[in-house]
Amino acid sequence: MQTNVGEMTWKHQVAKNFFNQYDVHLDEEFIDFVVAPQTKNKWLHNATLIKPTALLWAEAKKNVTPTAKMFAQLILTIKPVLEGKDAELPPKFLAAFDNKHITFVEFYHAQPLLAHPDINWNETPSSVSKKTENIVTEILADKWIQYNIITDRKEIKNFIALNFIDDGNPYAKTQVTKNNFLSVFTKWANEVQPSINYNWKDGKKSGILPADFYLADLLSRNNRTIFDSLKVVLRDTEYKITVEIKEQLFKEVHFKDDGKAHRQFWKRYQRPPENEYQEYIKARRDLLVPQNIREYTGAYFTPPLWVETSQNYLTQTFGNNWQDEYYLWDCAAGTGNLLEGLTNPYHIWASTLMQADVDIMKDRIVKHGFNLLESHVFQFDFLNDDFTDLPKGLQNIINNPEKRKKLIIYINPPYAEATNVKTTSKSGENRNGIASDYNINTELKPFIGKATNEFYALFMARIYRDIPDCHLAQFSTLKFVSSQNFKQFRRFFKAKFDGGFIVCANTFDNVNGLFPIGFTIWDTAIKKTMTQIKVDILENDKKVENARKIGTKKFFAIQGDSINVWIKKFDKAMSHVIGFMCNPAPDFLPTNQPYITNEQGTRHFNYYSICSENLLQGSIYFAVRLCIEHTWVNHRDQFLYPNDGWETDEEFQRDCLIFTLFHHKNRISSRNEINHWLPFRASEVNAKDNFTSEFMADILNQHHSSLSASAVTVYNAGKALWQYYHEQKNRSLNASLYEIREYFKGRNENGRMNTKSGDTKFNELDKALRDSLAILAETIKPKVFEYGFLME
């Protein structure tokens with residue numbers, strides 16, 4: 001294929017060389033490249049003649065482009081296509097290609113991206129951000145298949161032949177698979193759900209959701225549901241609710257339109273799905289449940305790898321024969337995947353909030369050999385129901401002090417919390433007390449305080465209070481160990497820590513974000529005040545699908561004050577204010593903060609007023625918060641009120657000042673204010689005239705001879721950048737570092753500063769400054785721990 005051609009010609013070449021057996025639609029303004037089964041007829045939307053579902057959607061570039069960037073652009077393009085009344089069904093594959101590579105990924109791997117909370121959906125595909133590109137890399141990079149588009153032509157054609165199967169019938173019903181059952185549900189909710197004569201508000205209270213009606217439809221043959229264990233079944237022209245609601249069993253639900261919308265919709269889709277997908281779709285009912293309900297009920301899968309690993313840790317703690325010597329109750333079992341692999345069903349109980357999940361577990365027992373006893377699987381609202389409602393065998397264990405010491409509560413409870421990023425900014429309301437509907441909340445609030453805002457904390461507290469001396473083995477965040485909001489909880493929950501591990505949250509299904517989820521084991525019979533725990537750090541070794549230990553991590557129960565209490569002592573401007581620094585929550589969560597600006601902001605946190613008297617303390621705060629990179633491991637580490645060692649360490653103070661002056665989050669501008677942050681005199685950088693202020697240069701000249709070696713390197717790298725800037729035309733005399741970078745890099749159509757400049761020398765000088773700043777950060781880091789700003 002020729003590469004020295006225009007972009008549209010390049011796309012035509014790709015279509016001709018690889019997809020000549022298919023219909024290919026090219027578009028310069030929408031999805032670049034669409035592959036569909038070949039048909040001589042036009043695509044029509046009606047009940048009997050249907051536009052064939054595409055086999056592939058692709059982002060196409062003529063010039064070499066990062067693969068993740070192309071997929072990010074494609075995701076931004078297709079999200080609107082998959083939503084709303086006229087939503088398209090997704091293809092089996094997505095792809096991205098340029099004149100070097102063609103890369104394929106199955107669509108279902110990309111589904112988490114379409115609901116990712118950290119993607120800015122206001123971005124346009126043409127100006128996709130580096131942040132979005134990184135998110136795409138994180139989720140897709142290990143899933144995609146990449147070929148060299150020139151040298152791997154044979155392999156590409158073979159891949160297409162094996163995976164892009166056309167049965168020759170463009171009007172055949174669409175198969176529902178693990179790739180598209182969510183998208184089909186969205187269409188069903190728009191077209192069929194409104195025609196069902198059912199009170200959805202009552203259904204939400206009783207746990208009967210649109211998902212249950214959809215599954216009754218989808219898992220049916222000739223309009224009769226093939227699984228009697230579902231909460232709702234379809235029986236010809238009506239539904240039957242198979243669980244008791246308000247003392248009414250087998251309630252009938254009819255259609256408002258005599259089933260017209262239902263008939264029209266299911267003319268387009270094959271029912272039931274192939275056998276290989278039925279069990280998957282049943283088990284993944286959680287994906288059909290709205291996000292807010294999922295958070296409250298805990299409808300999330302624990303990945304099989306972490307299930308297996310957690311059971312290995314139980315073996316390490318309780319011995320090789322623990323399954324015969326101990327009893328186990330998963331009181332937040334969902335569909336039971338945490339119990340996979342256990343061998344003694346007579347010692348295992350499983351309960352869950354939703355009767356539909358109970359039915360699924362029992363169906364798995366009967367039809368798929370799930371190793372539980374039906375009599376040990378039951379519906380139970382752990383935060384509301386009385387223990388007298390439990391099966392007698394389990395009651396006997398809980399009521400026997402000796403047997404209770406042999407009971408392990410093994411859970412991955414709901415994770416919903418009172419606040420998130422939206423609720424602590426102007427985009428959302430605080431959700432304090434979301435768990436207040438539960439009886440246990442009122443009872444335990446005097447003992448655990450703000451921890452009642454977290455469901456898993458309510459589980460822990462009830463277990464600790466009502467099943468004393470048992471063992472607790474749970475998946476959760478580690479906020480109950482280190483968060484300031486859990487101080488009162490830690491005074492209540494006293495137990496011996498018996499081991500555990502942490503993994504990155506994004507390894508869990510439908511959980512986004514880079515923070516640790518821990519599996520921790522506790523012996524509540526031994527009362528120990530929680531001060532610190534040490535856990536293994538694990539990652540998924542994808543080459544062998546195995547857990548790999550990469551280190552250990554300590555989490556500390558913080559009792560003292562935070563760094564924000566410390567910095568507030570110095571927030572008393574006694575002279576002219578030269579800038580403001582935000583003081584966000586004292587952990588690594590606010591990844592874009594702190595920063596320094598000319599004006600005081602309006603967000604909920606404090607803005608520190610910087611003047612000559614408190615400049616050094618402000619610089620220490622700024623450097624301490626930013627010299628250590630945020631990772632999923634340290635995500636919840638708390639910055640603390642330091643000891644007084646920093647007060648006599650002048651080198652540390654000067655290092656922090658240099659770090660602050662040359663860091664990219666120092667966003668001081670000279671546009672509307674006098675720039676007091678210029679580190680150099682005009683003569684030192686060959687400026688054409690005197691600077692308006694030499695305040696900072698005077699301070700640095702007093703200390704320059706005593707700067708550390710790494711600080712001098714940063715200072716000199718900064719000076720070289722300033723000197724190069726003052727060689728340019730149309731430069732601003734008093735420009736700050738932020739403005740110098742803006743001058744060379746420019747901004748995109750969305751007003752964001754570009755990541756690179758077209759000026760090679762600037763890029764080299766800027767890199768040298770950033771590299772030297774990273775070395776200075778390494779110099780500062782040990783003292784962050786030495787002076788108690790962080791614990792290790």
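**Exercise 1. How many cavities of 30 Å³ or more are there, and which residues line the second largest cavity?**

Solution. The count comes to seven cavities of 30 Å³ or more, where a cavity is a set of points, on a 1 Å grid over the protein atoms alone, at which a 1.4 Å probe fits but cannot get out. The model is predicted, and totals for linings use all residues, whereas local features need pLDDT of at least 70 and side-chain atom pairs count only at pLDDT 80 or more. Residues are numbered from 1 along each chain, and side-chain values use heavy atoms, without hydrogens and water.

The second largest cavity has a volume of about 80 Å³, a volume being the space filled by probe spheres set on the points. Its lining (residues with an atom within 4 Å of a point) consists of Ser482, Lys554, Phe555, Phe556, Ile558, Arg636, Asp637, Gln638, Leu790 and Met791. Strand β20 (residues 546-556) gives the most to this lining, with three residues. By class, the lining has five nonpolar, two polar and three charged residues.

**Exercise 2. At what angle do helix α25 and helix α26 pack, and which residues make the contact?**

Solution. Helix α25 (residues 709-725) and helix α26 (residues 737-745) pack at an angle of about 55 degrees, with their axes 11 Å apart. That angle makes α25 oblique to α26, since angles under 35 degrees count as roughly parallel, over 145 as roughly antiparallel, 65 to 115 as roughly perpendicular and the rest as oblique.

The contact (heavy atoms within 4.5 Å) is made by Leu721, Trp722, Tyr724 and Tyr725 of α25 and by Leu737, Ile740, Tyr743 and Phe744 of α26. By class, this contact has eight nonpolar, no polar and no charged residues.

Methods:
Axes are lines fitted to C-alpha atoms, for helices over the stretch in contact, and angles run from 0 to 180 degrees between N-to-C directions. Helices (H or I, at least four residues) and strands (E, at least two) are DSSP runs, numbered from the N terminus. Ala, Val, Leu, Ile, Met, Phe, Trp, Tyr, Cys and Pro count as nonpolar, Asp, Glu, Lys and Arg as charged, and the others, Gly among them, as polar. On a 1 Å grid over the protein atoms alone, a cavity is a set of points where a 1.4 Å probe fits but cannot get out, and a pocket is an open set with protein on both sides within 12 Å along at least five of seven lines; lining residues have an atom within 4 Å of a point.
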